[in-house]
Amino acid sequence: MDRKEFIKKVRKLRVPNFLFNLDGVGRDDERFCLVKLGEKWNVYYSERGCKTTNEFFDTESDALNYIIKRFSE
């Protein structure tokens with residue numbers, strides 16, 4: 001999955017844009033964030049400055065699929 005497909009899926013799920021941050025710009029609190037750290041993709045949910053979810057993936061596609069899965073739950 002690429003970012004364009006991700007956006008289509010979150011819109012279909014009616015997930016507001018403020019619940020995720022894919023580009024590292026702006027707020028990163030109380031939303032899912034995607035960050036590339038070295039060779040890995042890190043997905044975390046930050047709440048009050050603490051990462052309550054902190055997962056690492058080999059590909060951006062796997063990371064985006066993980067976020068979609070969490071929104072679908």
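Is Glu 5 buried, partly exposed or exposed? At 36% relative accessibility, Glu 5 counts as partly exposed (buried is under 20% relative accessible area, exposed over 50%, partly exposed in between, with a 1.4 Å probe and protein chains only).

A word on the ground rules: this is a predicted model, where local features need pLDDT of at least 70 and side-chain atom pairs pLDDT 80 or more, while totals for chains, interfaces and linings use all residues. Residues are numbered from 1 along each chain as its sequence is written, and side-chain values use heavy atoms, leaving out hydrogens and water.

**Salt bridges**

The structure holds four salt bridges, each a side-chain nitrogen of Lys or Arg within 4 Å of a carboxyl oxygen of Asp or Glu. Here are some of them:

| Pair | Closest N to O |
|---|---|
| Lys 9 and Glu 5 | 3.8 Å |
| Lys 40 and Asp 58 | 2.3 Å |

Lys 9 and Glu 5 sit four residues apart in helix 1, about one turn (helices are DSSP runs of H or I, at least four residues, and strands runs of E, at least two, numbered from the N terminus). Lys 9 is partly exposed at 33%. In the second pair, Asp 58 is exposed at 55% and Lys 40 partly exposed at 36%.

**Helix packing**

The axes of helix 1 (residues 3–12) and helix 2 (residues 60–72) come within 10 Å and cross at roughly 5°; axes are lines fitted to C-alpha atoms, for helices over the stretch in contact, and angles run from 0 to 180 degrees between N-to-C directions. Lys 9 also belongs to this contact, along with residues including Phe 6 in helix 1 and Leu 64 in helix 2 (heavy atoms within 4.5 Å).
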